[in-house]
Amino acid sequence: MKITIITLGSTGDVYPYVGLGLGLQASGHSVRLATNARFEKFILQRGLGFSPMGDDRQSVTAPGTGGSSLSFLRQCVEFGKTKMRQLFIDGQKACQDADAIIYSTTGYFIGYHIAEMRGIPFYGAFLQPIDSTGAFASAFFPEFPSWLKVGRASYNRLTHFLTTQVPWQLLRPSINQYRQEIFDLPPLSFPGPFQRIYQEHRPVLYGYSPAILPKPFDWGNWIHVTGYWQLVRESGWTPPNKLVDFLNSGRKPVYVGFGSTTTSNPEEITELVLNALTKAKQRGILLTGWGGLSQADSSDDVLVVDAVPHDWLFPQMAAVVHHGGAGTMAVGLRAGIPTVTIPFFADQFFWGRRVYELGVGPLPIPRKQLSVDRLANAMRAAIIDTEMRSRAMALGQRLRAEDGVAEAVRAFHKHLGEDWSTSFCRQFAVSSGI
């Protein structure tokens with residue numbers, strides 16, 4: 001069958017879905033990724049189909065120094081209001097011959113409506129937990145505050161409700177307008193698609209490991225925590241000589257990089273990182289990314305690089321320091337080394353807390369609180385704490401034994417045999433009074 005996967009955003013929002021797509025394609029399906037144009041060459045080279053959607057979304061994933069989940073949400077909503085019409089049009093083209101649709105968190109408000117219009121099966125495939133549970137708070141909210149006079153489970157469920165309903169209510173006028181104009185669908189009511197999706201037990205695939213976040217007791221059997229969707233590096237890649245020489249010239253370095261997260265002053269944070277490495281007496285490899293770190297001069301103890309496959313680099317590090325993005329987090333934990341998390345916004349705080357709770361990294365340092373002393377101390381702890389290193393090694397072994405892609409493919413096929421499209425059409429006909 002023909003499957004379209006819709007995901008938008010940064011490298012960390014796309015690469016896991018390339019891994020998932022390759023697994024589905026290996027099982028006999030034809031898979032197309034609908035995402036930002038800058039990934040076209042990479043996706044086609046990996047043998048998947050490609051369809052462009054929207055424009056460069058870097059500005060949305062770049063809330064600047066000290067960004068918060070709320071500022072990120074505001075930018076996403078503004079992006080949706082200005083770009084939603086074009087995304088609906090692009091999505092319709094990308095799915096015009098699809099037999100099933102898979103959509104990420106960033107593709108949620110597009111893929112659902114296309115699947116409804118065409119009456120085909122659809123799957124949520126997410127890197128962060130968004131289904132409601134009493135077991136933990138939403139990845140986009142702080143943990144339960146002790147002063148709050150409600151139960152922990154009630155608070156947790158409320159945060160999940162707000163995570164879905166706040167953006168839906170802000171985007172509802174635009175989405176309903178384009179549902180009618182482009183898809184000839186009736187407007188959705190106040191609760192939106194989420195209540196219907198949950199009531200009908202629409203299948204959901206989560207691309208993180210149950211060893212990092214176990215499946216909650218109150219999630220049904222249509223929700224699957226499959227393990228990380230690892231994208232296997234192409235066998236033809238070889239590291240540059242300067243990188244190999246640097247790795248061979250001394251003790252294992254510390255990796256520092258903030259992925260697609262950008263800051264208002266990358267020179268300042270780069271200087272802070274260099275000073276922290278000096279104070280901690282550690283060698284370092286700095287990845288410049290989209291702008292989280294600026295270009296700096298390499299030295300005997302520091303090497304600055306533009307891009308290196310994380311799955312090759314991380315196992316050779318003493319520790320990794322990063323923003324806590326789901327994709328980078330997965331590779332670092334699989335490598336079996338301690339993780340120092342500097343969360344900037346969104347779900348990065350959530351994953352940073354999980355690393356600390358699992359004992360495989362020090363307490364996260366929010367970007368607003370980052371200092372030379374705090375970062376240097378965290379680096380030292382990650383390197384000299386033998387118990388932390390032992391736990392990280394054991395967790396890495398467990399994660400490397402998982403095959404999240406294969407598990408996700410099995411879950412996909414399990415639900416594919418159920419008559420989702422007929423059920424959807426029946427529900428839609430009832431709700432529309434047909």
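Predicted model: local features only at pLDDT ≥ 70, side-chain atom pairs only at ≥ 80, totals over all residues.
Residues are numbered from 1 along each chain as its sequence is written, and side-chain values use heavy atoms, with hydrogens and water left out.

The protein chain has 15 helices and twelve strands; these are DSSP runs numbered from the N terminus, with helices being H or I of at least four residues and strands E of at least two. Of its 434 residues, 58% count as buried, where buried means under 20% relative accessible area, exposed means over 50% and partly exposed covers what is in between (1.4 Å probe, protein chains only). Taking contact as heavy atoms within 4.5 Å, 64% of the contacts between residues at least 6 apart in sequence join residues at least 24 apart.

Helix 4 (residues 108-118) is largely enclosed by the rest of the structure, because nine of its eleven residues are buried. Those buried residues are Y108, F109, I110, G111, Y112, H113, I114, A115 and E116. Just after helix 4 comes G119, with a positive phi of about 65 degrees.

Turning to helix packing, helix 10 (residues 326-335) meets helix 13 (residues 386-401) with axes that come within 6 Å and cross at roughly 110 degrees. Helix 10 brings L333, R334 and A335 to the contact, and helix 13 brings A392, L395, G396, L399 and R400. By class, that gives five nonpolar, one polar and two charged residues; Ala, Val, Leu, Ile, Met, Phe, Trp, Tyr, Cys and Pro count as nonpolar, Asp, Glu, Lys and Arg as charged, and the others, Gly among them, as polar.

V254, in strand 8 (residues 254-257), is buried at a relative accessible area of 1%. Beyond its neighbours within four places in sequence, V254 touches L277, Q282, R283, G284, I285, M317, A319, V321 and I383. L277 sits 23 residues from V254 in sequence, with 8.3 Å between their C-alpha atoms.

Most residues other than glycine have a negative phi. K281, in the loop between helix 8 (266-280) and strand 9 (284-287), has a positive phi of about 60 degrees although it is not a glycine. A346, in the loop between strand 12 (339-341) and helix 11 (348-357), also has a positive phi, near 55 degrees. K281 is exposed, at 65% relative accessible area, whereas A346 is buried, at 4%.

A search of the whole structure turns up one cavity of 30 Å³ or more. On a 1 Å grid over the protein atoms alone, a cavity is a set of points where a 1.4 Å probe fits but cannot get out, a pocket is an open set with protein on both sides within 12 Å along at least five of seven lines, and lining residues have an atom within 4 Å of a point. Grid points are joined across faces, edges and corners, and a volume is the space filled by probe spheres set on the points. The largest cavity holds about 30 Å³ and is lined by L127, Y208, Y228, A326, M329 and W351.

Note on methods
Axes fitted to C-alpha atoms, helices over the stretch in contact; angles between N-to-C directions.
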